[in-house]
Amino acid sequence: MESKEILQQHIAKTASLTEEEFDYFFSHFKALSFKKGQTIISEGDKVDCEYFVISGCLKAFFINDEIKMYILQFAMPTWWTSDYSALYNQTPATINVDCISDVELLCLSNSDREKLCSEFHQIEHFFRWRTNKGYIASQKRLLSFMNNNVKTRYEELLALYPQLYNLVPKHLIAAYLGVSRETLSRLNS
(Lines give C-alpha, C1' and ligand atoms only; values in the text may rest on other atoms or scores of the structure.)
Protein backbone atom coordinates (compact mmCIF):
# COMPACT_ATOMS: atom_id res chain seq x y z
CA MET A 1 0.00 0.00 0.00
CA GLU A 2 1.28 3.46 -0.86
CA SER A 3 2.01 6.02 1.86
CA LYS A 4 -0.78 8.27 0.61
CA GLU A 5 -3.33 5.48 0.91
CA ILE A 6 -2.09 4.51 4.39
CA LEU A 7 -2.43 8.09 5.63
CA GLN A 8 -5.81 8.50 3.93
CA GLN A 9 -7.20 5.39 5.64
CA HIS A 10 -5.78 6.58 8.96
CA ILE A 11 -7.36 10.04 8.67
CA ALA A 12 -10.68 8.64 7.40
CA LYS A 13 -11.23 6.85 10.74
CA THR A 14 -11.81 10.27 12.33
CA ALA A 15 -12.18 12.96 9.65
CA SER A 16 -14.18 13.13 6.46
CA LEU A 17 -12.29 14.77 3.60
CA THR A 18 -13.09 14.89 -0.09
CA GLU A 19 -10.47 13.53 -2.49
CA GLU A 20 -9.44 17.08 -3.37
CA GLU A 21 -9.16 18.08 0.29
CA PHE A 22 -7.10 15.01 1.09
CA ASP A 23 -4.81 15.60 -1.92
CA TYR A 24 -4.21 19.14 -0.68
CA PHE A 25 -3.62 17.85 2.88
CA PHE A 26 -1.20 15.18 1.63
CA SER A 27 0.73 17.72 -0.46
CA HIS A 28 2.03 19.21 2.80
CA PHE A 29 3.83 16.02 3.82
CA LYS A 30 7.39 15.10 2.92
CA ALA A 31 8.34 11.43 2.50
CA LEU A 32 11.48 10.38 4.37
CA SER A 33 13.41 7.11 4.72
CA PHE A 34 15.81 6.18 7.49
CA LYS A 35 17.90 3.09 8.21
CA LYS A 36 17.92 1.07 11.41
CA GLY A 37 19.93 2.93 14.05
CA GLN A 38 19.65 6.36 12.43
CA THR A 39 18.68 9.29 14.62
CA ILE A 40 15.79 11.53 13.62
CA ILE A 41 15.77 13.88 16.62
CA SER A 42 18.62 14.39 19.09
CA GLU A 43 18.43 16.14 22.42
CA GLY A 44 19.13 19.84 21.79
CA ASP A 45 17.87 19.83 18.18
CA LYS A 46 15.39 22.34 16.82
CA VAL A 47 12.19 20.38 16.13
CA ASP A 48 9.92 21.69 13.41
CA CYS A 49 7.88 18.66 12.38
CA GLU A 50 6.13 15.53 13.50
CA TYR A 51 6.37 12.13 11.87
CA PHE A 52 3.73 9.67 10.70
CA VAL A 53 5.10 6.13 10.48
CA ILE A 54 4.35 4.30 7.23
CA SER A 55 6.55 1.29 7.94
CA GLY A 56 9.11 0.23 10.51
CA CYS A 57 9.43 1.22 14.15
CA LEU A 58 10.85 4.19 16.06
CA LYS A 59 11.55 4.85 19.70
CA ALA A 60 11.30 8.17 21.52
CA PHE A 61 13.58 8.15 24.54
CA PHE A 62 15.45 10.11 27.18
CA ILE A 63 18.86 9.35 28.67
CA ASN A 64 19.34 10.62 32.21
CA ASP A 65 22.52 11.87 33.89
CA GLU A 66 23.39 8.30 34.97
CA ILE A 67 23.24 7.24 31.29
CA LYS A 68 20.07 5.19 31.82
CA MET A 69 17.64 5.08 28.89
CA TYR A 70 13.93 5.65 29.45
CA ILE A 71 11.70 4.93 26.47
CA LEU A 72 8.69 7.21 26.28
CA GLN A 73 7.11 5.76 23.17
CA PHE A 74 7.45 3.18 20.46
CA ALA A 75 6.02 4.38 17.14
CA MET A 76 4.81 1.67 14.80
CA PRO A 77 2.97 1.99 11.46
CA THR A 78 0.14 4.57 11.56
CA TRP A 79 1.52 6.11 14.76
CA TRP A 80 2.81 9.66 15.12
CA THR A 81 5.90 10.81 17.00
CA SER A 82 8.06 13.83 17.69
CA ASP A 83 9.37 15.76 20.66
CA TYR A 84 6.03 17.49 21.11
CA SER A 85 7.22 19.83 23.84
CA ALA A 86 10.00 21.10 21.58
CA LEU A 87 7.68 21.22 18.56
CA TYR A 88 4.85 23.17 20.21
CA ASN A 89 6.97 25.39 22.47
CA GLN A 90 9.76 25.96 19.94
CA THR A 91 12.40 24.96 22.49
CA PRO A 92 15.37 22.61 22.00
CA ALA A 93 14.55 18.90 22.00
CA THR A 94 14.72 17.16 25.36
CA ILE A 95 14.21 13.67 23.96
CA ASN A 96 15.70 11.61 21.15
CA VAL A 97 13.91 9.72 18.39
CA ASP A 98 15.69 6.99 16.47
CA CYS A 99 15.00 3.98 14.29
CA ILE A 100 14.61 0.48 15.72
CA SER A 101 14.30 -0.78 12.14
CA ASP A 102 14.40 0.73 8.66
CA VAL A 103 11.51 3.20 8.47
CA GLU A 104 9.42 5.07 5.95
CA LEU A 105 7.88 8.26 7.34
CA LEU A 106 5.78 11.21 6.36
CA CYS A 107 6.90 14.49 7.90
CA LEU A 108 4.48 17.36 8.55
CA SER A 109 5.87 20.70 9.67
CA ASN A 110 4.35 22.51 12.62
CA SER A 111 3.54 25.54 10.47
CA ASP A 112 1.81 23.39 7.82
CA ARG A 113 -0.20 21.53 10.47
CA GLU A 114 -1.37 24.83 11.98
CA LYS A 115 -2.22 26.18 8.52
CA LEU A 116 -4.19 23.04 7.62
CA CYS A 117 -6.05 23.10 10.95
CA SER A 118 -7.11 26.70 10.35
CA GLU A 119 -8.25 25.90 6.80
CA PHE A 120 -10.16 22.65 7.50
CA HIS A 121 -12.29 21.96 10.54
CA GLN A 122 -12.02 18.21 9.85
CA ILE A 123 -8.21 18.37 9.98
CA GLU A 124 -8.33 20.34 13.22
CA HIS A 125 -10.78 17.74 14.57
CA PHE A 126 -8.46 14.91 13.57
CA PHE A 127 -5.40 16.43 15.28
CA ARG A 128 -7.41 17.29 18.40
CA TRP A 129 -8.75 13.71 18.52
CA ARG A 130 -5.24 12.32 18.05
CA THR A 131 -3.80 14.55 20.77
CA ASN A 132 -6.57 13.52 23.17
CA LYS A 133 -5.96 9.82 22.46
CA GLY A 134 -2.24 10.33 23.09
CA TYR A 135 -2.93 12.11 26.36
CA ILE A 136 -5.23 9.31 27.52
CA ALA A 137 -2.61 6.67 26.63
CA SER A 138 0.07 8.61 28.55
CA GLN A 139 -2.22 8.94 31.55
CA LYS A 140 -3.00 5.21 31.53
CA ARG A 141 0.69 4.38 31.31
CA LEU A 142 1.54 6.68 34.20
CA LEU A 143 -1.23 5.19 36.35
CA SER A 144 0.01 1.70 35.49
CA PHE A 145 3.53 2.68 36.62
CA MET A 146 2.13 3.97 39.91
CA ASN A 147 -0.20 1.04 40.60
CA ASN A 148 1.13 -2.11 38.94
CA ASN A 149 4.16 -4.31 39.31
CA VAL A 150 6.49 -5.01 36.39
CA LYS A 151 4.85 -8.31 35.46
CA THR A 152 1.42 -6.68 35.20
CA ARG A 153 2.80 -3.75 33.17
CA TYR A 154 4.56 -6.19 30.82
CA GLU A 155 1.37 -8.22 30.35
CA GLU A 156 -0.63 -5.02 29.71
CA LEU A 157 1.90 -3.86 27.11
CA LEU A 158 1.83 -7.15 25.21
CA ALA A 159 -1.96 -7.36 25.42
CA LEU A 160 -2.30 -3.86 23.94
CA TYR A 161 0.49 -4.20 21.37
CA PRO A 162 1.28 -7.89 20.72
CA GLN A 163 3.31 -6.99 17.61
CA LEU A 164 5.92 -5.31 19.84
CA TYR A 165 7.14 -8.67 21.11
CA ASN A 166 8.54 -9.61 17.68
CA LEU A 167 9.32 -6.09 16.48
CA VAL A 168 11.26 -4.60 19.39
CA PRO A 169 14.37 -6.07 21.06
CA LYS A 170 13.74 -7.20 24.65
CA HIS A 171 16.24 -4.72 26.14
CA LEU A 172 14.15 -1.89 24.67
CA ILE A 173 10.93 -3.34 26.06
CA ALA A 174 12.72 -3.50 29.43
CA ALA A 175 13.71 0.19 29.08
CA TYR A 176 10.08 1.05 28.27
CA LEU A 177 8.97 -0.76 31.42
CA GLY A 178 11.70 0.91 33.50
CA VAL A 179 13.50 -2.33 34.40
CA SER A 180 16.70 -4.14 33.46
CA ARG A 181 16.87 -6.74 30.70
CA GLU A 182 17.59 -9.34 33.40
CA THR A 183 14.38 -8.48 35.27
CA LEU A 184 12.40 -8.83 32.03
CA SER A 185 14.06 -12.21 31.35
CA ARG A 186 12.97 -13.45 34.79
CA LEU A 187 9.37 -12.56 33.91
CA ASN A 188 9.57 -14.78 30.84
CA SER A 189 11.04 -17.80 32.63
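Predicted model: local features only at pLDDT ≥ 70, side-chain atom pairs only at ≥ 80, totals over all residues.
Local features were considered at a pLDDT of at least 70 and side-chain atom pairs at pLDDT 80 or more, while totals for chains, interfaces and linings use all residues. Residues are numbered from 1 along each chain as its sequence is written, and side-chain values use heavy atoms, with hydrogens and water left out.

The structure holds 15 aromatic pairs, where rings of Phe, Tyr and Trp (its six-membered ring) pair if their centres lie within 6.5 Å, and planes under 30 degrees apart count as stacked, over 60 as edge-to-face and the rest as tilted. The ring centres of Phe52 and Trp80 are 5.0 Å apart and their planes stand at 55°, so this pair is tilted. The pair links distant parts of the chain, 28 residues apart, with Phe52 in strand E3 (residues 49–55) and Trp80 in strand E6 (residues 80–81); helices (H or I, at least four residues) and strands (E, at least two) are DSSP runs, numbered from the N terminus. Trp80 also forms an edge-to-face pair with Phe127, at 5.6 Å centre to centre and 70° between the planes, and Phe127 lies in helix H5 (residues 121–147), 47 residues from Trp80. Trp80 is buried at a relative accessible area of 7%, and Phe127 is buried at 5%, where buried means under 20% relative accessible area, exposed over 50% and partly exposed in between (1.4 Å probe, protein chains only). Phe52, Trp80 and Phe127 belong to one aromatic cluster, whose members also include Phe22 and Trp129.

Charged side chains also meet rings, a charge being counted as over a ring if NZ of Lys or CZ of Arg is within 6 Å of the ring centre and within 35 degrees of the ring normal. The charged end of Lys59 sits over the ring of Phe61, 4.8 Å from its centre, and Arg141 lies over the face of Tyr176, at 3.6 Å from the ring centre.

Tyr176 is among the buried residues of helix H8. In this helix (residues 170–177), 7 of the 8 residues are buried, so H8 is largely enclosed by the rest of the structure. Its buried residues are covered by elements that include strand E4 (58–63), strand E5 (69–75), H5 and H9, with contact meaning heavy atoms within 4.5 Å. H8 is followed by Gly178, whose phi is positive, near 80°.
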